[in-house]
Amino acid sequence: NFKIMKTYIFKISLLQKPKITREIEVLESVNLYKLAEAIIGAYDFDFDHCFGFFSTVSESGHYDSEKQYDLFADLKDVEPTGAGSVKKTKIKEVWEKIGDKMLFLFDYGDNWQFVVELKSVGKKDVSKKYPIIVSKTGKAPRQY
């Protein structure tokens, strides 16, 4: 029984600079860790810090979010934060419908905050390698 794999197309924007956006397409089966890696790659940042996804999209979102997933949940010898795993959680478990948004916080020191919105759902094209950067608007800020 052959199953057609879906893709999720996300619009990513910087919370403080919403005109700087990236659209990326990923397979529905990827976990939040791989999505984070794709987002950071789309902005040409180094993927070298802890991060999390939070359901409250605001500057203080990671403090009072109902749903949260972070890398700390996957690290050994780290006090649990109560958040879900980014390695065990698939994107299709987090974004349930078009328009759903999560705050993606990268680097708890520099506090890069991105809004990750599900724009559309597509079908996997076997001739393409995912993730795909669909579009870029604005020049990415320097990470350091």
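This is a predicted model: local features need pLDDT of at least 70, side-chain atom pairs count only at pLDDT 80 or more; totals for chains, interfaces and linings use all residues.
### Strands β3, β6 and β7

Strand β6 covers residues 101-106, and five of its six residues are buried. It pairs with two other strands described here. Strand β3, residues 51-54, runs antiparallel to β6, and four bridges join them. The pairing of β6 with β7 is also antiparallel, over six bridges. Phe106 takes part in both pairings: Phe51 has Phe106 as its bridge partner in β6, and Phe106 has Trp112 as its bridge partner in β7.

| Strand pair | Sense | Bridges | A bridge pair |
|---|---|---|---|
| β3 and β6 | antiparallel | four bridges | Phe51 and Phe106 |
| β6 and β7 | antiparallel | six bridges | Phe106 and Trp112 |

### Val115

Val115 belongs to strand β7, which spans residues 112-123. Its relative accessible area is 11%; the cut-off for buried is under 20%, so Val115 counts as buried. Apart from neighbours within four places in sequence, Val115 is in contact with Lys11, Ile12, Ser13, Leu15, Val57, Lys101 and Met102. Leu14 lies 101 residues from Val115 in sequence, yet the C-alpha atoms of Val115 and Leu14 are 6.2 Å apart.

### Glu25

Glu25 sits in strand β2, residues 21-27. Glu25 is buried and has no salt bridge. Lys128 is the nearest side chain of opposite charge, at 5.4 Å. A salt bridge requires a distance within 4 Å. The side chain of Glu25 does make a polar contact of 2.6 Å with the side chain of Thr7. Thr7 is also among the residues in contact with Glu25 once neighbours within four places in sequence are set aside; the others are Tyr8, Ile9, Lys123, Tyr130, Pro131, Ile132 and Val134.

### Helix α1

Helix α1 runs over residues 32-42, and its buried residues include Leu32, Leu35, Ala36, Ala38, Ile39, Ile40 and Ala42. In an α-helix there are 3.6 residues a turn, so residues three or four places apart point the same way. Leu32, Leu35, Ala36 and Ile39 are among the buried residues of α1.

Each end of the helix has a further feature. At the start of α1, a side-chain oxygen of Asn31 comes to within 3.2 Å of the backbone nitrogen of Tyr33. Just after α1, Asp44 takes a positive phi of about 60°.

How values were computed:
Residues are numbered from 1 along each chain as its sequence is written. Side-chain values use heavy atoms; hydrogens and water are left out. Buried means under 20% relative accessible area, exposed over 50%, partly exposed in between (1.4 Å probe, protein chains only). A polar contact is a pair of N or O atoms within 3.5 Å; within protein, one must be able to donate a hydrogen and the other to accept it, and residues adjacent in sequence count only if both atoms are side-chain atoms. Lys and Arg count as positive and Asp and Glu as negative; His and the chain ends are not counted. Contact means heavy atoms within 4.5 Å. Two strands pair if DSSP finds at least two bridges between them.
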